[in-house]
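Here are my notes from going through the model you sent over. Have the viewer open while you read, as the points go residue by residue.

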Amino acid sequence: IVVSESDVNAALASSNMELMANTLGLGCLYSGFFVRASKENPDIKKFLNIDEKKNIITCMVIGYPDVKYKRSVLGVLWSLLYPVLTMAVMALVFTNVFKFTTPGVNYLAYLMSGLVVFNYFSEASNLAMSSVVANFSLINKVYMPKYIFPVSKCVFVGINFLLSQIPLYVILLATGTGVNWYHLLLPYVYVCILMFTVGFGM
């Protein structure tokens, strides 16, 4: 988010940020919708702790997925395969080597449901804790609330987390575990996990 009292200065700053992003191989998207929403709703500026004298001129979204999957043959599909492959290896080790069992519950479903949450918390918290330091040069050039970086990392990893729900539910159905009404409470649980991870990452 680029804020300024001068449209010209903000435009120059946005251009420099876009050039920097392109140099690093990142995609860059301008969001005019957010800029208009900030003009219509002053509470947005208050929430972001932006001075009343300054206006939000530009909102830019950096394309982190383009970098993460840049050299991956499978691309975004890796987000679906990663938890499945991890689960397969761990299930093989724990069931055949350590002989672990979970009476009354299929072990694959039990293991997968725990892994997807743990993988999200582990990856999101690690990226969030280092995000401010990693973007130190950008923070020095353009004013922006520092908490945006850990929050954006947690949300970005959260997209992969939501994608990992697809193989999770495939396994739940394939193993006969099934789905019940308690699954309707999962969005609330996921929001709590997101808030906890953001707080931990800060």
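1. A polar contact here is a pair of N or O atoms within 3.5 Å; within protein, one must be able to donate a hydrogen and the other to accept it, and residues adjacent in sequence count only if both atoms are side-chain atoms. By that rule, the side chain of Ser125 reaches the backbone oxygen of Ser122 at 3.2 Å.

2. Some ground rules: this is a predicted model, where local features need pLDDT of at least 70 and side-chain atom pairs pLDDT 80 or more, while totals for chains, interfaces and linings use all residues. Numbering starts from 1 along each chain as its sequence is written, and side-chain values use heavy atoms, with hydrogens and water left out.

3. Back to Ser125, which sits in helix α6 (helices are DSSP runs of H or I, at least four residues, numbered from the N terminus). Ser125 counts as buried because its relative accessibility is 4%; buried means under 20% relative accessible area, exposed over 50%, partly exposed in between (1.4 Å probe, protein chains only). Leaving out residues up to four places away in sequence, Ser125 touches Tyr120, Thr197, Phe200 and Gly201 (contact means heavy atoms within 4.5 Å).

4. Of its 21 residues, Met87, Leu111, Met112, Tyr120 and Cys154 touch the most other members. At least two residues each come from α5 (78–97), α6 (107–134), α8 (148–163), α9 (165–174) and α10 (186–201), and α6 gives the most, with 9 residues. Apart from this core lies another, of 8 residues, including Ile1, Val35, Leu48 and Ile50.

5. Which side of α10 is buried? The buried residues of α10 are Tyr190, Ile193, Thr197, Val198 and Gly201. They lie on the same side of α10 because they cover an arc of only 130° around the axis, taken from the directions from the helix axis to the C-beta atoms. What covers them includes α6, α8 and α9, whereas the face turned away carries the exposed residues Tyr188, Met195 and Phe196.

6. Last, the rings. Rings of Phe, Tyr and Trp (its six-membered ring) pair if their centres lie within 6.5 Å; planes under 30 degrees apart count as stacked, over 60 as edge-to-face and the rest as tilted. The whole structure has 5 aromatic pairs. Tyr120 and Phe161 form a tilted one, at 5.2 Å centre to centre with 45° between the planes. This pair joins α6 to α8 across 41 residues, and ring pairs link Tyr120, Phe161 and Tyr190 into a cluster.

Methods. Core = buried A, V, L, I, M, F, W, Y, C linked by side-chain atoms within 4.5 Å.
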